[in-house]
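Please examine the sequence and the three-dimensional structure shown below. The report that follows describes how parts of the chain are arranged.

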Amino acid sequence: MAEEIVNRIANSKLITFNLEDYYPEGERVVFDVKDWLLEGFVLREGEFREQAKNHNWSQYEGKFIALTCSSDAIIPAWAYMLLATYLQPFAKKVITGNLETLETVLYTDAINKMDVSDLTDKPVIIKGCSHKPVPKNAYLLLIEKLQPVVKSLMYGEACSSVPLYKKPKK
């Protein structure tokens, strides 16, 4: 008589943590200030301010914005700050940098707000594959959040995980 097949993974106390579940929904937009510079390199304050004043900022309603300059121009901090003052009433979040920096900031906010007390002294596996852009830094931030409370941490899938951390026995 054949033995019954038991799914030990399904019966384990292992908790799968998927960072993708914390992906902030909303459109991401890169706003390149290069187009507002003289020949893509020189910021003329008067012209820059005039373009900012006349720009249709409402088109960024509910969006996440990454302010950047794709040329080698040196952009003073006040220029990004000025743009942020116009974007603030519309955008969900405004940062200086690229899309990966934006995703890192969004995940930092989400991870900082997480209540992980229900994971105290439990084995946790951090799911590795995702269909949404999860930056590498988000995984490191998650480790920082989880390691003080969990029993153990692994990465990957339950059937093929990589051990990362095990709480020392007292």
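## Helix pairs, strands and single residues

Helix 4 passes helix 5 in a right-handed crossing. A crossing is called right-handed if the near helix is turned clockwise from the far one by less than a right angle, and left-handed if anticlockwise. The model is a predicted one, in which local features need pLDDT of at least 70 and side-chain atom pairs count only at pLDDT 80 or more, while totals for chains, interfaces and linings use all residues. Residues are numbered from 1 along each chain as its sequence is written, and side-chain values use heavy atoms, with hydrogens and water left out.

Helices (H or I, at least four residues) and strands (E, at least two) are DSSP runs, numbered from the N terminus. Two packed helices are described by the angle between their axes and the distance between the axes. Axes are lines fitted to C-alpha atoms, for helices over the stretch in contact, and angles run from 0 to 180 degrees between N-to-C directions.

**The two helix pairs**

The axes of helix 4 (residues 99-113) and helix 5 (residues 136-146) come within 9 Å of each other and cross at roughly 15°. That makes helix 4 roughly parallel to helix 5, a description used for angles under 35 degrees. On the side of helix 4, Thr104, Tyr107, Thr108, Ile111 and Asn112 meet Asn137, Ala138, Leu141, Leu142 and Lys145 of helix 5. Contact here means heavy atoms within 4.5 Å. By class, this contact has 5 nonpolar, 4 polar and 1 charged residues. Ala, Val, Leu, Ile, Met, Phe, Trp, Tyr, Cys and Pro count as nonpolar, Asp, Glu, Lys and Arg as charged, and the others, Gly among them, as polar.

For helix 2 and helix 3 (residues 77-87), the axes come within 10 Å and cross at roughly 15°. Glu45, Phe48, Arg49, Ala52 and Lys53 in helix 2 meet Trp78, Ala79, Leu82, Leu83 and Tyr86 in helix 3. The residues of this contact divide into 7 nonpolar, no polar and 3 charged.

**The sheet and the hairpin**

Which strands form the open sheet, and in what order? The sheet has 3 strands in the order 2-3-4, with parallel pairing. Strands pair if DSSP finds at least two bridges between them. Strand 2 and strand 4 (93-96) stand at the edges, each with a single partner strand, so one side of each is left without a neighbour in the sheet. Neighbouring strands of this sheet are turned by 25° against each other on average, direction ignored.

Strand 2 pairs with strand 3 (residues 64-68) in the parallel sense over 5 bridges. Within this pairing, Val30 has Ala66 in strand 3 as its bridge partner. Two helices also touch the sheet. Helix 4 packs on it, touching strand 2, strand 3 and strand 4, and its direction makes about 130° with that of strand 4. Helix 3 lies across strand 2, strand 3 and strand 4, and runs at about 160° to strand 3.

Strand 6 (residues 152-157) and strand 7 (residues 160-166) run antiparallel and are joined by 6 bridges. These two strands form a hairpin with 2 residues between them.

**Selected residues**

Buried means under 20% relative accessible area, exposed over 50%, and partly exposed in between (1.4 Å probe, protein chains only).

| Residue | Relative accessible area | Class |
|---|---|---|
| Glu103 | 6% | buried |
| Arg44 | 43% | partly exposed |
| Asp121 | 46% | partly exposed |
| Glu39 | 71% | exposed |

Glu103 lies in helix 4. Leaving aside its neighbours within four places in sequence, Glu103 is in contact with Tyr23, Arg28, Pro133 and Pro135.

Arg44 lies in the loop between strand 2 (28-32) and helix 2 (45-54). The C-alpha atoms of Arg44 and Glu144 are separated by 43 Å, and the two residues are 100 residues apart along the chain.

Glu39 is also found in the loop between strand 2 and helix 2. Although Glu39 is not a glycine, it has a positive phi of about 55°. Asp121, in the loop between helix 4 and strand 5 (123-127), is likewise not a glycine and has a positive phi of about 60°.

Terms used
Angles under 35 degrees count as roughly parallel, over 145 as roughly antiparallel, 65 to 115 as roughly perpendicular and the rest as oblique.
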